Amino acid sequence: MAGFCFSNTSTTTGRTWDNWNFGQGSSTSASTDVTWNQWATTTSGNIWSVWASGAAYTISTISYPEQTEEEREAARIAGEECGRQRKEAEERAEKILTENLDEEQRKSYAEHKVIPITTAKGRKYLVKKGRAGNVYRIDEYSREIERFCIHPEEAVPAQDTMLAQLFWLRWCEDDFLRVANMTRLAA
Amino acid sequence: MNGEMSILRREGDIKTIWNSENAEEVEHARKTFEDLTKKGFSAFSVKRDGEKGGRLASFNAQEEKMILVPMMKGG
C-alpha cells in the first residue's frame, strides 16, 4: 500500500484528496495518471482482476474427532448438572420473589404469573413472568398502554429479574423510566 | 442482631450473613456491599411482605435484610 502515501514533498501544493485523485502515487510511473486509474489499470493488468483471479485460495474445513463413549457420558453428566443448578437457582429465586410480595401480588402471581404494582406516583404496572419486555403500564381501564424492557445485565433467573423490576418501580420509578426502553402500545 | 444480604446472581442468590456485634463480620459485609454497589449493583432494604423498605445508598449493619440487584439496563 506504499502507493497511497502522500507524505512526500510533491503534495505540498495541494490537498490530499486532490493528490489522491490527480496524479501522485509514490511510484514514479504513476505520476501522470490518477491513483484510482493506477489501481484499476496498471501496465501489467487490472489490479482488481489480479486480486480476484490471481491467487489461489482454499476454503478449509475443520473436522472434529469423534467423541468417545466416555466423553459423551461426561458431556451428558455436565449437561444434567448444569440443568440441576439452573433449577435450584430458579427455586431460590421463586422463594425470594414471593417473600417480597404483598398478599394481592402473591395471589396474582400464583394464579396468572403476573404481579400488579401501583407506584408512589400512582401509576399502575404489570410485571409479567419473563426477563425482557415483560413490564407493562396500564391505564384506568386496565389496558396496556406502554411496554418496558429493562433487566439486570447479568442473566439472573426470571424471578430475580421480576424482583429487580419490582424494586425499581417501587422505590426508584424515575430511574426505571430513565433506563428502560419503552414502547407505546395502541390504546 | 443478625443481618442478611442476598445478592442476585446468575446461579441464584448468594447470601452474606453478619452479626451486628461482630466487627469482622460487619466489615466483611460492608466491603461486599461497597464492592458491588461500585460495580453498579443497587441495594434495597426489605421487610416482611415487601411493604416497607427502600433503596440503600450505603451499608447499614442494623438492617435486617437487604437485597442487591445487578446493574440494570434497557433491553
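Two strands are taken to pair if DSSP finds at least two bridges between them. The legends below describe close-up views of a predicted model.

**View 1. Strand pairing between chain A and chain B.** Strand β4 of chain A, residues 144-152, pairs with β6(B) in the antiparallel sense. Three bridges join the two strands.

**View 2. The side of chain B that touches chain A.** The contact draws 29 residues from chain A and 21 residues from chain B. On the chain B side, at least two residues each come from β3 (42-46), β4 (53-56) and β6 (72-74). The most is given by β6(B), which supplies three residues.

**View 3. Helix α4 of chain A and its cover.** Helix α4(A) runs over residues 69-99. Its 31 residues should span 45 Å at 1.5 Å a residue, and the end C-alpha atoms are 45 Å apart, so the two values agree. Buried residues in α4(A) are Ala89(A), Arg92(A), Ala93(A), Ile96(A) and Leu97(A). The elements covering the buried residues of α4(A) include α6 (158-171) of chain A and β1 (2-7) of chain B.

**View 4. Helix α6 of chain A.** Of the 14 residues of α6(A), 13 are buried, and the helix is therefore largely enclosed by the rest of the structure. At 1.5 Å a residue, α6(A) should span 20 Å, which agrees with the 20 Å between its end C-alpha atoms. This helix is also among the elements that cover the buried residues of α4(A).

Terms used. Residues numbered from 1 in each chain as written. Chains lettered and ligands numbered in written order. Predicted model: local features only at pLDDT ≥ 70, side-chain atom pairs only at ≥ 80, totals over all residues. Contact = placed C-beta atoms within 7 Å. Helix = DSSP H or I, 4+ residues; strand = E, 2+ residues; numbered from the N terminus. Expected span 1.5 Å × (residues − 1). Buried ≥ 20, exposed ≤ 12 C-beta atoms within 10 Å, placed from the backbone.
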